[in-house]
Amino acid sequence: MHQDIESILYDQAAIAKVTEQLGAQITTDYAGKNPLVICVLKGAMLFMADLVRQIDTHLEMDFLDVSSYQGGIQSTGEVKIIKDLDTPLKDREVLIVEDIVDTGRTLNYLVDLFKYRQAKSVKICTLLNKPETRVVPVKADYVGFTVPNAFLVGYGLDYAEQYRNLPYIGILKSAIYQTK
Ligand code: PRP
Ligand code: MN
Ligand code: MG
(Lines give C-alpha, C1' and ligand atoms only; values in the text may rest on other atoms or scores of the structure.)
(Ligands and ions follow the chains in the order given, each with its own letter.)
Protein backbone atom coordinates (compact mmCIF):
# COMPACT_ATOMS: atom_id res chain seq x y z
CA MET A 1 0.00 0.00 0.00
CA HIS A 2 2.62 2.60 1.06
CA GLN A 3 4.75 1.85 -2.00
CA ASP A 4 1.96 3.33 -4.16
CA ILE A 5 2.50 6.74 -2.55
CA GLU A 6 4.76 9.27 -4.26
CA SER A 7 5.16 11.48 -1.19
CA ILE A 8 3.46 12.29 2.08
CA LEU A 9 1.80 15.72 2.05
CA TYR A 10 0.43 15.79 5.62
CA ASP A 11 1.50 13.30 8.26
CA GLN A 12 -0.47 12.27 11.33
CA ALA A 13 1.02 15.03 13.48
CA ALA A 14 0.17 17.76 10.95
CA ILE A 15 -3.40 16.48 10.61
CA ALA A 16 -3.81 16.27 14.38
CA LYS A 17 -2.52 19.81 14.87
CA VAL A 18 -4.79 21.42 12.30
CA THR A 19 -7.76 19.38 13.54
CA GLU A 20 -7.16 20.65 17.07
CA GLN A 21 -7.09 24.24 15.79
CA LEU A 22 -10.29 23.81 13.78
CA GLY A 23 -11.99 22.15 16.75
CA ALA A 24 -11.06 25.04 19.04
CA GLN A 25 -12.44 27.58 16.57
CA ILE A 26 -15.67 25.59 16.12
CA THR A 27 -16.01 25.22 19.90
CA THR A 28 -15.92 29.01 20.25
CA ASP A 29 -18.29 29.64 17.34
CA TYR A 30 -20.88 26.99 18.25
CA ALA A 31 -20.92 27.01 22.07
CA GLY A 32 -24.55 26.89 23.23
CA LYS A 33 -25.89 26.31 19.70
CA ASN A 34 -26.08 22.51 19.74
CA PRO A 35 -24.98 22.22 16.09
CA LEU A 36 -25.85 19.26 13.92
CA VAL A 37 -22.47 18.12 12.63
CA ILE A 38 -22.92 16.24 9.36
CA CYS A 39 -20.34 13.81 8.04
CA VAL A 40 -20.30 13.36 4.26
CA LEU A 41 -19.50 9.68 3.78
CA LYS A 42 -17.30 8.01 3.02
CA GLY A 43 -14.34 10.34 2.66
CA ALA A 44 -15.00 12.53 5.70
CA MET A 45 -15.34 9.60 8.11
CA LEU A 46 -11.86 9.72 9.65
CA PHE A 47 -11.70 13.53 9.82
CA MET A 48 -15.17 13.66 11.40
CA ALA A 49 -14.17 11.15 14.08
CA ASP A 50 -11.08 13.14 15.02
CA LEU A 51 -12.67 16.59 14.66
CA VAL A 52 -15.68 16.03 16.92
CA ARG A 53 -13.33 14.93 19.71
CA GLN A 54 -11.76 18.40 19.48
CA ILE A 55 -15.11 20.21 19.70
CA ASP A 56 -15.71 20.84 23.38
CA THR A 57 -19.42 21.69 23.50
CA HIS A 58 -22.79 20.00 23.03
CA LEU A 59 -23.43 18.81 19.48
CA GLU A 60 -25.28 16.14 17.55
CA MET A 61 -24.00 14.07 14.64
CA ASP A 62 -25.56 12.70 11.52
CA PHE A 63 -24.24 10.98 8.42
CA LEU A 64 -25.06 11.31 4.76
CA ASP A 65 -23.68 9.20 1.96
CA VAL A 66 -23.34 10.99 -1.31
CA SER A 67 -21.14 10.21 -4.27
CA SER A 68 -20.20 11.89 -7.50
CA TYR A 69 -16.99 10.11 -8.47
CA GLN A 70 -18.31 6.55 -8.50
CA GLY A 71 -14.96 4.85 -8.04
CA GLY A 72 -12.98 6.47 -10.84
CA ILE A 73 -10.79 9.56 -10.96
CA GLN A 74 -13.16 11.67 -13.08
CA SER A 75 -16.12 13.49 -11.60
CA THR A 76 -19.34 12.66 -13.41
CA GLY A 77 -20.77 15.99 -12.31
CA GLU A 78 -23.74 14.20 -10.87
CA VAL A 79 -24.41 14.17 -7.12
CA LYS A 80 -26.29 11.15 -5.86
CA ILE A 81 -27.67 10.67 -2.34
CA ILE A 82 -27.07 7.09 -1.31
CA LYS A 83 -28.06 7.49 2.34
CA ASP A 84 -29.96 10.54 3.54
CA LEU A 85 -29.87 12.15 6.99
CA ASP A 86 -32.07 10.88 9.82
CA THR A 87 -32.44 14.33 11.40
CA PRO A 88 -34.90 17.09 10.37
CA LEU A 89 -32.89 20.25 9.60
CA LYS A 90 -35.53 22.88 10.25
CA ASP A 91 -34.07 25.63 12.47
CA ARG A 92 -30.85 23.66 13.09
CA GLU A 93 -27.33 25.09 12.99
CA VAL A 94 -25.70 22.77 10.48
CA LEU A 95 -21.98 22.18 10.11
CA ILE A 96 -21.00 20.01 7.15
CA VAL A 97 -17.75 18.10 7.55
CA GLU A 98 -15.87 17.14 4.38
CA ASP A 99 -12.47 15.69 3.59
CA ILE A 100 -11.96 17.74 0.41
CA VAL A 101 -13.60 20.38 -1.77
CA ASP A 102 -12.59 19.72 -5.36
CA THR A 103 -15.00 20.82 -8.15
CA GLY A 104 -17.35 22.00 -5.40
CA ARG A 105 -20.29 20.07 -6.86
CA THR A 106 -20.93 17.93 -3.77
CA LEU A 107 -21.01 20.84 -1.33
CA ASN A 108 -22.78 23.23 -3.68
CA TYR A 109 -25.55 20.66 -3.93
CA LEU A 110 -25.65 19.90 -0.19
CA VAL A 111 -25.68 23.54 0.93
CA ASP A 112 -28.64 24.24 -1.37
CA LEU A 113 -30.43 21.10 -0.18
CA PHE A 114 -29.93 21.91 3.51
CA LYS A 115 -31.10 25.50 3.04
CA TYR A 116 -34.17 24.18 1.21
CA ARG A 117 -34.81 22.03 4.29
CA GLN A 118 -34.82 25.26 6.30
CA ALA A 119 -31.66 24.88 8.34
CA LYS A 120 -31.04 28.01 10.44
CA SER A 121 -27.44 28.15 9.21
CA VAL A 122 -25.25 25.99 6.99
CA LYS A 123 -21.47 26.11 7.33
CA ILE A 124 -18.68 23.97 5.95
CA CYS A 125 -15.59 22.52 7.60
CA THR A 126 -13.23 20.82 5.16
CA LEU A 127 -9.84 19.34 5.92
CA LEU A 128 -8.60 20.03 2.40
CA ASN A 129 -9.47 22.72 -0.12
CA LYS A 130 -8.34 22.41 -3.75
CA PRO A 131 -9.28 25.81 -5.24
CA GLU A 132 -7.60 25.21 -8.64
CA THR A 133 -10.17 22.63 -9.71
CA ARG A 134 -13.33 24.45 -8.63
CA VAL A 135 -16.20 24.31 -11.17
CA VAL A 136 -19.10 25.61 -9.06
CA PRO A 137 -18.71 28.16 -6.24
CA VAL A 138 -18.27 26.88 -2.69
CA LYS A 139 -16.99 28.89 0.22
CA ALA A 140 -15.70 26.77 3.08
CA ASP A 141 -15.91 28.43 6.50
CA TYR A 142 -13.24 26.27 8.13
CA VAL A 143 -10.32 24.92 6.07
CA GLY A 144 -7.47 22.74 7.30
CA PHE A 145 -5.09 22.90 4.33
CA THR A 146 -5.19 24.46 0.87
CA VAL A 147 -3.80 21.81 -1.46
CA PRO A 148 -2.27 21.69 -4.96
CA ASN A 149 -3.95 19.90 -7.85
CA ALA A 150 -2.47 16.45 -7.21
CA PHE A 151 -4.18 13.09 -6.77
CA LEU A 152 -4.45 12.80 -3.01
CA VAL A 153 -5.29 9.67 -1.04
CA GLY A 154 -5.36 8.60 2.58
CA TYR A 155 -7.07 9.64 5.80
CA GLY A 156 -10.45 8.94 4.19
CA LEU A 157 -9.62 9.90 0.61
CA ASP A 158 -9.72 7.03 -1.84
CA TYR A 159 -8.72 5.94 -5.27
CA ALA A 160 -11.18 3.23 -6.41
CA GLU A 161 -12.14 2.70 -2.74
CA GLN A 162 -8.52 1.96 -1.77
CA TYR A 163 -6.11 3.88 0.52
CA ARG A 164 -8.76 5.39 2.82
CA ASN A 165 -7.07 3.71 5.79
CA LEU A 166 -3.69 5.38 5.32
CA PRO A 167 -3.07 7.44 8.49
CA TYR A 168 -1.55 10.27 6.43
CA ILE A 169 -2.49 12.17 3.25
CA GLY A 170 -0.21 11.40 0.33
CA ILE A 171 0.10 11.91 -3.39
CA LEU A 172 -0.71 8.75 -5.34
CA LYS A 173 1.88 7.66 -7.89
CA SER A 174 0.51 8.42 -11.37
CA ALA A 175 1.43 4.91 -12.54
CA ILE A 176 -1.29 3.55 -10.24
CA TYR A 177 -4.18 5.36 -11.86
CA GLN A 178 -2.76 5.37 -15.40
CA THR A 179 -2.50 1.59 -15.68
CA LYS A 180 -6.02 0.79 -14.45
C1 PRP B 1 -15.10 12.96 -2.82
C2 PRP B 1 -14.72 13.74 -1.58
C3 PRP B 1 -15.76 14.83 -1.53
C4 PRP B 1 -16.03 15.09 -3.00
C5 PRP B 1 -15.31 16.31 -3.43
O6 PRP B 1 -16.15 12.10 -2.49
O7 PRP B 1 -14.80 12.91 -0.43
O8 PRP B 1 -16.93 14.38 -0.90
O9 PRP B 1 -15.53 13.95 -3.73
O10 PRP B 1 -15.42 16.48 -4.82
P11 PRP B 1 -16.28 17.64 -5.49
O12 PRP B 1 -15.91 18.92 -4.81
O13 PRP B 1 -15.77 17.60 -6.90
O14 PRP B 1 -17.71 17.30 -5.38
P15 PRP B 1 -16.65 10.94 -3.44
O16 PRP B 1 -17.81 11.42 -4.23
O17 PRP B 1 -15.48 10.39 -4.20
O18 PRP B 1 -17.20 9.84 -2.44
P19 PRP B 1 -16.41 9.22 -1.19
O20 PRP B 1 -16.37 10.28 -0.14
O21 PRP B 1 -17.25 8.06 -0.79
O22 PRP B 1 -15.05 8.85 -1.67
MN1 MN C 1 -16.78 12.34 -0.27
MG1 MG D 1 -14.16 9.09 -3.58
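## Salt bridges

A salt bridge is counted here when a side-chain nitrogen of Lys or Arg lies within 4 Å of a carboxyl oxygen of Asp or Glu. In this predicted model, the side chains of Asp 84 and Arg 117 form such a pair, with an N to O distance of 2.7 Å. The two residues belong to distant parts of the chain, 33 residues apart: Asp 84 is in the loop between strand S4 (80-83) and S5, and Arg 117 is in the loop between H3 and S6. Asp 84 counts as partly exposed, at 30% relative accessibility, and Arg 117 likewise counts as partly exposed, at 25%.

By this rule the model has nine salt bridges. Among them is the pairing of Asp 91 with Lys 90, whose closest N and O atoms are 3.8 Å apart. Asp 91 is exposed, with a relative accessible area of 53%, whereas Lys 90 is partly exposed, with 49%. Arg 164 and Asp 158 also form a salt bridge, the closest N and O atoms being 3.4 Å apart. Because buried means under 20% relative accessible area, Arg 164 is classed as buried at 18%, while Asp 158, at 24%, is partly exposed. Through shared partners, salt bridges join Lys 42, Asp 158, Glu 161 and Arg 164 into one network.

## Strand S5 and its partners

Strand S5 comprises residues 93-101, and nine of its nine residues are buried. Strand S2 (residues 36-41) runs parallel to S5 and is joined to it by four bridges; in this pairing, Cys 39 stands opposite Val 97.

S5 is also joined to strand S6 (residues 121-129), by eight bridges, and these two strands run parallel. Val 101 has Asn 129 in S6 as its bridge partner. From S5 the chain passes through helix H3 (residues 105-116) to S6, in a β-α-β crossover that is right-handed.

In soluble globular proteins, nonpolar side chains tend to be buried together. The largest nonpolar core in this model has 29 residues, and Leu 128 and Leu 152 have the most contacts inside it. At least two core residues come from each of helix H1 (12-30), S2, helix H2 (45-52), S5, S6, strand S7 (142-146) and strand S9 (169-172). H1 gives the most, with five residues.

Leaving aside residues up to four places away in sequence, Leu 128 touches Tyr 10, Asp 99, Ile 100, Val 101, Phe 145, Val 147, Leu 152, Leu 157 and Ile 169. Another core, of 21 residues, lies apart from the largest one and includes Leu 36, Val 79, Ala 119 and Val 138.

Methods: Residues are numbered from 1 along each chain as its sequence is written. Chains are lettered from A and ligands numbered from 1 in the order in which they are written. This is a predicted model: local features need pLDDT of at least 70, side-chain atom pairs count only at pLDDT 80 or more; totals for chains, interfaces and linings use all residues. Side-chain values use heavy atoms; hydrogens and water are left out. Buried means under 20% relative accessible area, exposed over 50%, partly exposed in between (1.4 Å probe, protein chains only). Two strands pair if DSSP finds at least two bridges between them. A crossover is right-handed if, with the strands pointing away from the viewer, the path from the first strand over the helix to the second runs clockwise. A nonpolar core is a set of buried Ala, Val, Leu, Ile, Met, Phe, Trp, Tyr and Cys residues joined through side-chain atoms within 4.5 Å. Contact means heavy atoms within 4.5 Å.
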